[in-house]
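Hello,

Here is the structure I promised to hand over. My notes on it follow below.

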Amino acid sequence: MALSLSGVILPKLIQQRAFSVSSAVAAVQKLTRVRVVDNSALGNAHHHRPPKVIHVYTKNGIGKVGDRVLLAIKGQKKKALIVGHKMPGARMTPRFDSNNVVLIEENGNPTGTRIKAPIPTHLRKMEGEYSKLLAIAQRFV
Amino acid sequence: MFLVHTPLSNMAACTSRVREMMGLLRILRHFPQNERLLSTSILRHAAASDGPPKFTPPTKPVIIDKTQKEASLRRFLSPEFIPPRQRTNPVKFSVERKDMIQRRKVLNIPEFYVGSILAVAMTDPHVNGNLNRFVGICIQRSGKGLGATFILRNVVDGQGVEICYELYNPRMRKIEVLKLEKRLDDNLMYLRDALPEYSSFNFDMQPVHYEITGDVPVSPLKVKMKPKPWSKRWERPKFNIKGIRFDLCLTLEMMEHAQKWAEPWRPYDMLKEYDTFSLEEQIFKEVQGKSQNVNSP
C-alpha cells in the first residue's frame with residue numbers, strides 16, 4: 001500500500017496525548033487517576049479533571065483489589081472500593097487495562113445501582129462487608 | 001497394469017501364450033513401478049508344463065502405501081520442557097519433567113502457540129458451578145518447568161482483561177484450543193496498545209477445525225494501533241515486531257530515529273547462543289515414551 005501522505009504535514013493524523021503516561025508501578029496509590037465503573041451520577045458526571053485518589057486505607061499506601069480509597073471527584077471527597085487495577089497480581093487472577101473503582105458510602109453500600117464492567121471473582125470472599133456491591137455486579141471474570 | 005490370466009483350455013495355445021507372457025515379464029521387470037502388482041503365477045505355469053498344470057492361486061499383491069508418512073505428523077514439544085541454560089543441576093530438570101509428564105496424563109494440555117485462541121476452565125470456589133471459564137488470545141508463553149504460564153487476553157464489556165494462567169496448576173480443569181494459529185511475532189504484548197477489535201473474542205466461539213499434519217497456519221495480520229504514547233516503544237528494533245502497521249502511525253523519520261537503538265552485533269553474540277536441537281530430540285523421545293507407557297498394558 002503506497003504511502004499517499006508524502007508531502008503532507010502529518011501531525012494531524014498522528015495525535016499525541018498532552019500528558020505523559022507511565023506504566024503501572026504499584027497498583028493504586030495517592031494521586032492515581034481512576035475510572036469509576038458504576039452508573040452513579042457522581043461517577044459519570046463530566047468534569048474537567050479525572051477522579052483522583054487522595055488517600056488509601058491500608059497499612060502501606062498501596063491499594064489492591066478490595067481496598068478502600070478516598071477519591072476527589074467534582075470537588076468533593078468520596079469513598080470508593082478498588083475492583084481492578086493495571087498492575088499484575090496473583091497468578092490466576094485477572095488484570096485489567098484500567099484502574100477501576102466503585103463509589104461507596106460510609107457503611108459500604110454502593111452509590112450506583114449497576115456495575116457493567118467485569119469484576120474479579122476473588123472479590124466474593126468479602127461477602128459480608130460488600131454483599132450489596134457484589135449483588136449489583138453484572139459480570140464476573 | 002494388470003496381467004490377465006489366460007484360460008487353460010488348449011495346451012499348445014497355453015504354452016505359446018506362456019512364452020509370450022515370459023517375454024512380457026522380462027520386459028516388465030525393467031519397469032519397477034509395477035512391481036507391487038506383478039504376479040509370478042505365470043512362472044509356475046511354465047514350470048509345470050507336462051500334464052495338466054495344478055491350479056495355484058495367484059499371490060496376493062503387496063500394496064505399500066507411501067502417501068501417509070510418519071514424518072508428516074506434526075512433532076510438537078511444548079517450550080516449557082526445554083530447560084534454560086543455567087548452572088543448576090540437570091537432575092532438577094529431569095525430576096520436574098517427570099512431574100510434568102505425570103500431570104499431562106491427567107490433564108490434556110494441547111498444542112498451542114502465541115496467537116491461538118484458547119478457552120480455559122479452572123476451579124473457582126467463588127463461582128456457582130465451581131468452574132470459571134475464560135476465552136482469550138494467547139499473547140505470551142513464559143516460564144520453564146512446572147511454573148510455565150501463558151497469558152490470555154480478551155475485551156469483556158469494553159474492558160480489556162488479561163489472565164495469566166499456570167499450565168500445571170491443579171486448579172486447571174480444561175484447556176481447549178478454539179483456533180490454532182501462529183502470528184508474525186511470538187510475543188503479542190503490543191495488543192494492549194492496539195485497537196480493541198484485535199483483542200475481542202466471543203465467549204461462545206465454536207472451535208475451528210485444525211489439521212494435525214503439516215505446518216501451523218501463520219496469520220499475516222498486521223494490527224492498527226491506538227495513538228502514541230504506547231506502554232512500550234514497540235517501533236524499536238529491540239522488540240523486533242512484524243505484526244504492527246507502522247506505516248499508519250509513524251513517519252519515516254520516527255522509524256529511522258528508532259533504528260538508533262538497533263544493536264546489529266546481537267545476532268553474532270556467541271555467548272547468547274543456545275543450541276537446543278539435540279536436547280529437544282532427547283526430551284521429545286522421553287515425553288513420547290512416557291506417554292505411550294500409559295497405553296501399553
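Two points on conventions. This is a predicted model, in which local features need pLDDT of at least 70, side-chain atom pairs count only at pLDDT 80 or more, and totals for chains, interfaces and linings use all residues. Residues are numbered from 1 along each chain as its sequence is written, chains are lettered from A and ligands numbered from 1 in the order in which they are written, and side-chain values use heavy atoms, with hydrogens and water left out.

Chain B overall. It has six helices and five strands (DSSP runs: helices H or I of at least four residues, strands E of at least two, numbered from the N terminus). From the N terminus, the order is α-α-α-β-β-β-β-β-α-α-α. Of the 297 residues in chain B, 37% are buried (under 20% relative accessible area; exposed is over 50%, partly exposed in between; 1.4 Å probe, protein chains only).

The sheet. Six strands form an open, antiparallel sheet in the order E5(A)-E4(B)-E3(B)-E2(B)-E1(B)-E5(B). Strands pair if DSSP finds at least two bridges between them. E5 (94-96) of chain A and E5 (172-179) of chain B stand at the edges; each has a single partner strand, so one side of each lacks a neighbour in the sheet. Within chain B, E2 (residues 131-142) and E3 (residues 149-156) pair over five bridges in the antiparallel sense. B:Ile137 has B:Arg153 in E3(B) as its bridge partner.

B:Gln159. This residue lies in strand E4 (residues 159-166) of chain B. B:Gln159 is buried, at 2% relative accessible area. Its side chain makes a polar contact with the side chain of A:Asn100 at 3.0 Å (N or O atoms within 3.5 Å; within protein, one must be able to donate a hydrogen and the other to accept it, and residues adjacent in sequence count only if both atoms are side-chain atoms).

Cysteines. There are zero disulfides over all chains (a disulfide is a pair of cysteine sulfur atoms within 2.5 Å). B:Cys138 is buried at 0%, and B:Cys164 is buried at 17%.

Best regards
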